[in-house]
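Try each task before reading its solution.

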Amino acid sequence: MADVLVVTSKVKKLIKEKGDCNTSSETVDVLSKAIERLCQKGIESAKADGRKTVMARDIVIDHL
């Protein structure tokens, strides 16, 4: 298992409060993997622009 990049308790709290649902441990794993992919794409975008700083514009979320 890779590093957990989200705060598990906060994810569970949000899902419980917003949807009155429980959260499986797999959900946290999937969210962490998604965050890792977003960060990697942000890094690639910043480097392509010749920067060492990842900016908000480098993080593209295409399914919201």
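The exercises below go from the whole chain to single residues.

This is a predicted model, in which local features need pLDDT of at least 70, side-chain atom pairs count only at pLDDT 80 or more, and totals for chains, interfaces and linings use all residues. Residues are numbered from 1 along each chain as its sequence is written, and side-chain values use heavy atoms, with hydrogens and water left out.

**Exercise 1. The fold as a whole**

Task: Count the helices and strands, then decide whether the chain is spread out or compact.

Solution: 
- Step 1. Count the elements. The chain has 2 helices and 0 strands. Helices (H or I, at least four residues) and strands (E, at least two) are DSSP runs, numbered from the N terminus.
- Step 2. Compare the radius of gyration with the globule rule. The chain is more spread out than a compact globule, because its radius of gyration is 14 Å, well over the 11 Å that the rule gives for 64 residues. The radius is taken over C-alpha atoms, and the rule is 2.2 Å times the number of residues to the power 0.38.
- Step 3. Check the outline. Along the principal axes, the C-alpha atoms fill a box of roughly 45 × 25 × 15 Å.

**Exercise 2. Burial and charge**

Task: State what share of the chain is buried, and how far apart the mean charge positions are.

Solution: 
- Step 1. Of the 64 residues, 14% are buried. Buried means under 20% relative accessible area, exposed over 50%, and partly exposed in between (1.4 Å probe, protein chains only).
- Step 2. Take the charges. There are 12 positive and 10 negative charges, and their mean positions lie 4 Å apart. Lys and Arg count as positive, Asp and Glu as negative; His and the chain ends are not counted. Each charge is placed at NZ of Lys, CZ of Arg, CG of Asp or CD of Glu.

**Exercise 3. A buried arginine**

Task: Find where R51 lies and what R51 touches.

Solution: 
- Step 1. R51 belongs to the segment after helix 2 (25-48).
- Step 2. R51 counts as buried because its relative accessible area is 17%.
- Step 3. Beyond four places in sequence, R51 touches S45, A46, R57 and D58.

**Exercise 4. Across the sequence**

Task: Which residues does E36 contact, leaving aside its neighbours within four places in sequence?

Solution: 
- Step 1. E36 is in helix 2. At 44% relative accessibility, E36 is partly exposed.
- Step 2. The contacts are A2 and L5.
- Step 3. E36 and L5 are 31 residues apart along the chain, and their C-alpha atoms are separated by 7.6 Å.

Notes
Contact = heavy atoms within 4.5 Å.
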